[in-house]
Amino acid sequence: MTIDARLQELGIALPKAAAPVASYVPVVVEGGFAHVSGQLPFVDGELVTGRLGQDVSLEDGTAAARACGLMILAQLEAALGSLDRVKRIVKLGGFVNSAADFTDQPKVVNGASDLMMEVFGDAGKHARAAVGVPALPLGAAVEVDAVVAISGD
């Protein structure tokens, strides 16, 4: 089954790959890997902002991380031409805009991790970091980046 077919089966429509918000490129392909820059959470075209443990619920934070994961997939598709070139999701880095006493960053970043496993199966299992930070660009609630093993040129 192709990844496009898998996405259809799951009822997932990828967003349009977002343009960078500063001086960087969304994806660098080098040495059999695609390095995806940190992606912010857009839900229904709106950036999810706020701080977990303060004004963003765990459920909304998890949905925001999933939205970051969807944007990672959109960036990969734009850079690679097809998600079928993905051999394995190697690592995700999750950054959670957190109140000082918020400690559920791993649960938040599961939104992105679970998406990768839904889409790619065993090839979606990955190493990961889930880090609490006091602020993120544009006030985003979550940011996720990725390292992905790829096939082909």
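**Entry 1: the second largest pocket**

I listed the lining of the second largest pocket and found Ala13, Pro15, Phe42, Val43, Asp44, Gly45, Ala63, Arg66, Ala67, Leu70 and Met71. I took a pocket to be an open set of points on a 1 Å grid over the protein atoms alone, where a 1.4 Å probe fits, with protein on both sides within 12 Å along at least five of seven lines; lining residues have an atom within 4 Å of a point. The space in this pocket is about 160 Å³, a volume being the space filled by probe spheres set on the points, which are joined across faces, edges and corners.

I noted that the model is predicted: local features need pLDDT of at least 70 and side-chain atom pairs pLDDT 80 or more, while totals for chains, interfaces and linings use all residues. Residues are numbered from 1 along each chain as its sequence is written, and side-chain values use heavy atoms, without hydrogens and water.

Helix 2 provides the largest share of this lining, five residues; strand 3 (42-43) also supplies at least two. I used DSSP runs numbered from the N terminus, with helices (H or I) of at least four residues and strands (E) of at least two. By class I recorded eight nonpolar, one polar and two charged residues. Here Ala, Val, Leu, Ile, Met, Phe, Trp, Tyr, Cys and Pro count as nonpolar, Asp, Glu, Lys and Arg as charged, and the others, Gly among them, as polar.

**Entry 2: the largest pocket**

I found a volume of about 230 Å³ for the largest pocket. Its lining has 16 residues, with Ala19, Val21, Tyr24, Gly38 and Leu40 nearest the centre. Strand 2 gives the most, three residues. The lining divides into ten nonpolar, four polar and two charged residues.

I traced an open, mixed sheet of five strands in the order 1-2-7-5-6; two strands pair if DSSP finds at least two bridges between them. Strand 1 (27-30) and strand 6 (127-133) are at the edges with a single partner each, so one side of each has no neighbour in the sheet.

Strand 2 (residues 33-39) pairs antiparallel with strand 7 (residues 142-150) over five bridges. Phe33 stands opposite Ala149 in strand 7. Helix 2 (residues 58-80) packs on the sheet and touches strand 1, strand 2, strand 5 (86-97) and strand 7, contact meaning heavy atoms within 4.5 Å. The direction of helix 2 makes about 40 degrees with that of strand 7; angles run from 0 to 180 degrees between N-to-C directions, and axes are lines fitted to C-alpha atoms, for helices over the stretch in contact.
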